[in-house]
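Here is a short report for a first look at this protein. Take a moment with the sequence and the fold before reading on.

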Amino acid sequence: MEMEKGKVVVEKVRGKSTVIRSFSKYPLKFIIPRKVGSSITDAVWIYSLTYGGGIVSGDSISVEFTIGDGCTAVLTTQSSTKVYKSLGSKCSEQVLEVFRVVSDSSLIIVDWFTSGRHESGEKWDFELYRSSNCIFAEGNQPVFLDTVLLEQSSPVDIAESMHEYQVIAMVLIYGPKLKHVQDQVQENVKRLMSQQLQIPSTRLGCCAKTNSDNCLVRPAFIASCSAFGPKGMGVVVRVASTTTEAVYRFLHHQLAGMEPLLGVSPYS
């Protein structure tokens with residue numbers, strides 16, 4: 001299928017990270033808020049959105065970002081993106097590619113999607129969704145390659161395989177300016193999951209095969225954290241949650257260290 005492409009280029013202008021070029025084609029749209037706060041802010045925040053509030057089966061979206069020398073950027077997909085099922089069995093996909101990341105470039109990517117308004121009865125209901133996030137250094141050397149794939153299959157459908165988790169998120173933090181954020185996030189995730197293992201988890205369902213009273217117990221929120229890239233310059237955090245609100249709180253807390261660079265506290 002033909003991909004609808006977008007492109008964003010970030011370079012230094014008068015010593016500040018600045019979007020110097022931005023292009024998007026329907027249904028894709030970029031929102032780039034103006035910087036606020038003190039003069040020390042040196043990061044751009046780029047929202048990658050789709051018209052209609054989600055991705056429709058059959059959409060194929062590719063976004064290319066270039067982060068220049070010494071620049072810092074935060075790239076986020078639409079909060080609570082949902083995949084809507086259209087007529088026919090079609091694949092939908094989103095590809096975020098970051099090119100020409102040099103040793104002093106820094107970026108954060110937040111990519112997440114949900115089953116919809118779970119409380120209103122919406123659920124994971126589509127044939128196939130693929131979300132890929134890639135980072136390349138100079139010379140097209142791969143630094144990070146990642147793909148999440150959700151696909152209907154028999155006898156287990158997506159909703160069943162996801163159990164009661166309604167949100168999947170990935171937070172990618174890379175670059176020297178964000179080392180303090182990486183260290184804090186790794187410590188926070190380690191402490192959070194240690195606490196999760198010590199408290200009663202949410203009872204989500206019973207073991208159907210044995211039909212016994214021993215029920216499957218899963219925490220309502222789980223997160224993992226690992227390093228990647230040369231000399232561990234990057235950290236990737238993966239999250240699954242039963243509620244969207246819990247992910248908002250998590251992102252707000254974990255990215256609080258970005259406030260001096262952005263001028264505002266993320267997800268406040």
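How many bridges join S9 to strand S11?

## Strand S9 and its partners

Nine bridges join S9 to S11 (residues 128-137), and the two run parallel. Strands are DSSP runs of E, at least two residues; helices are runs of H or I, at least four; both are numbered from the N terminus. Two strands pair if DSSP finds at least two bridges between them. Gln 94 stands opposite Ser 131 in S11.

S6 (residues 60-67) also runs parallel to S9, joined by seven bridges. Here Thr 66 has Phe 99 of S9 as its bridge partner.

## Helix H3

H3 covers residues 244-254. Its buried residues are Thr 244, Ala 246, Val 247, Phe 250, Leu 251 and Gln 254.

Thr 243 caps the N-terminal end: a side-chain oxygen lies 3.3 Å from the backbone nitrogen of Ala 246.

## Confidence

This is a predicted model; local features need pLDDT of at least 70, side-chain atom pairs count only at 80 or more, and totals for chains, interfaces and linings use all residues. Residues are numbered from 1 along each chain as its sequence is written, and side-chain values use heavy atoms, without hydrogens or water.

The mean pLDDT (the predictor's confidence in each residue, from 0 to 100) is 82. Confidence is highest in S17, at 95, and lowest in S14 (residues 202-206), at a mean of 42. Over residues 201-214 the pLDDT is below 50.

Note on methods. Buried means under 20% relative accessible area, exposed over 50%, partly exposed in between (1.4 Å probe, protein chains only). A polar contact is a pair of N or O atoms within 3.5 Å; within protein, one must be able to donate a hydrogen and the other to accept it, and residues adjacent in sequence count only if both atoms are side-chain atoms. Contact means heavy atoms within 4.5 Å.
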